[in-house]
Amino acid sequence: MHTIFVCSDAVGETANTVVQATIRQFNASQVQVRRYGLIRTEDEVRSIVEEAFRVNGFIAYTLVLPELREMMRQESIRVNVNAIDIMGPMMQAFIDTFKDSPKRKVGLLYQLDEEYYQRVEAVEFTVNSDDGKDPSAMKQAHMVLIGPSRTSKTPLSIYLAHKGYKVANYPLVPEVKPPSILYELDPKKLIGLTMNPDYLVRIRTERLKAVGLPFGAKYATGERVEEELAFAMKLYQELGCSIIDVSGKAIEETAGLILADR
């Protein structure tokens, strides 16, 4: 088992995000991540580095306080452990380019500022608008995701909400006429999600297995999936909305594609 140590003087979310993105690029089923947050002392740093050496792991860290960052650098060199400074080079580039000085205050990402409350409001809106609960709310949404069942509408909506966007989503079913409000919205606000049929069949089959339903249910047959995808594509063309194939894509990747056009 390989071990990566994620260390921070805040909660470590930034370093963890980078580590998880890296892990996905490898066949890394035998990798475990240990997170150490709210680090405040040099002794804590020393202990973590020694443990990383003991298990032959490496460290990814976001330490804002210069004395802790320097201790991590020195200790990792002393015991010959790879330690990756996630924020240091970026902060130095900011200093060198813009001739500014960092606040050196931990946890600024989670300060309760106006942006924080906007994200909270966005998440609340998105949860209340999930799965077509309130079609009238689509007019207040920053974006509306539409697509057949299991095309990642809900997890993608929640991810975007945490970025501060109010998101509504609506499931498309051939037997149910889409709400008329979809035709009233700016097409730039609409995102149609699609997926490779075989891929969607596998996902639906796994879903049936998870909820204890019979594998032969129509929901997960190739014929039904093809019908739903064709229905969705026809609607997307009528609406003139953008279309994203989410087959094999991580939520972050799909979100990146959506936000690139904002």
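Cys-7 is buried, at a relative accessible area of 0%. Buried stands for under 20% relative accessible area, exposed for over 50%, and partly exposed for the range in between (1.4 Å probe, protein chains only). Cys-241 is buried as well, with a relative accessible area of 9%. A search of the whole structure turns up zero disulfides. The criterion is a pair of cysteine sulfur atoms within 2.5 Å. In general, a disulfide is a covalent bond that joins the sulfur atoms of two cysteines.

This is a predicted model, in which local features need pLDDT of at least 70 and side-chain atom pairs count only at pLDDT 80 or more, while totals for chains, interfaces and linings use all residues. Residues are numbered from 1 along each chain as its sequence is written, and side-chain values use heavy atoms, with hydrogens and water left out.

**Helices α6 and α10**

Helix α6 covers residues 153-161, and helix α10 covers residues 251-260. Helices (H or I, at least four residues) and strands (E, at least two) are DSSP runs, numbered from the N terminus. The axes of α6 and α10 come within 10 Å and cross at roughly 65°. Axes here are lines fitted to C-alpha atoms, for helices over the stretch in contact, and angles run from 0 to 180 degrees between N-to-C directions. The crossing of α6 with α10 is right-handed. That term applies if the near helix is turned clockwise from the far one by less than a right angle; anticlockwise gives left-handed.

Which residues of α6 and α10 meet? From α6 come Pro-155, Leu-156, Tyr-159 and Leu-160. From α10 come Ile-251, Glu-252, Thr-254, Ala-255, Ile-258 and Leu-259. Contact is defined as heavy atoms within 4.5 Å. By class, this contact has eight nonpolar residues, one polar and one charged. Nonpolar covers Ala, Val, Leu, Ile, Met, Phe, Trp, Tyr, Cys and Pro; charged covers Asp, Glu, Lys and Arg; the others, Gly among them, are polar.

The buried residues in α6 are Lys-153, Leu-156, Ser-157, Leu-160 and Ala-161. Seen down the axis of α6, its buried residues fall within an arc of 140°, so they line one face of the helix. The arc is taken from the directions that run from the helix axis to the C-beta atoms.

**Positive phi in two loops**

Most residues other than glycine have a negative phi. Asp-131 has a positive value, near 60°. Its place is the loop between α5 (114-128) and β5 (143-147). Asp-131 is partly exposed, with a relative accessible area of 45%. Arg-150 also has a positive phi, near 75°. Arg-150 sits in the loop between β5 and α6. It is partly exposed, with a relative accessible area of 37%.

**C-alpha separations**

| Pair | Apart along the chain | C-alpha to C-alpha |
|---|---|---|
| Gln-237 and Gly-192 | 45 residues | 9.5 Å |
| Ser-136 and Ala-168 | 32 residues | 9.8 Å |
| Gln-118 and Leu-239 | 121 residues | 29 Å |
| Leu-208 and Ala-141 | 67 residues | 31 Å |

Where does Gln-237 lie? It is in helix α9 (residues 222-239). Gln-237 is exposed, with a relative accessible area of 59%. Ser-136 lies in the loop between α5 and β5. Ser-136 is partly exposed, at 47% relative accessible area. Gln-118 belongs to helix α5. Gln-118 is partly exposed too, with a relative accessible area of 42%. Is Leu-208 buried or exposed? Leu-208 is buried, at 3% relative accessibility. Its helix is α8 (residues 197-211).
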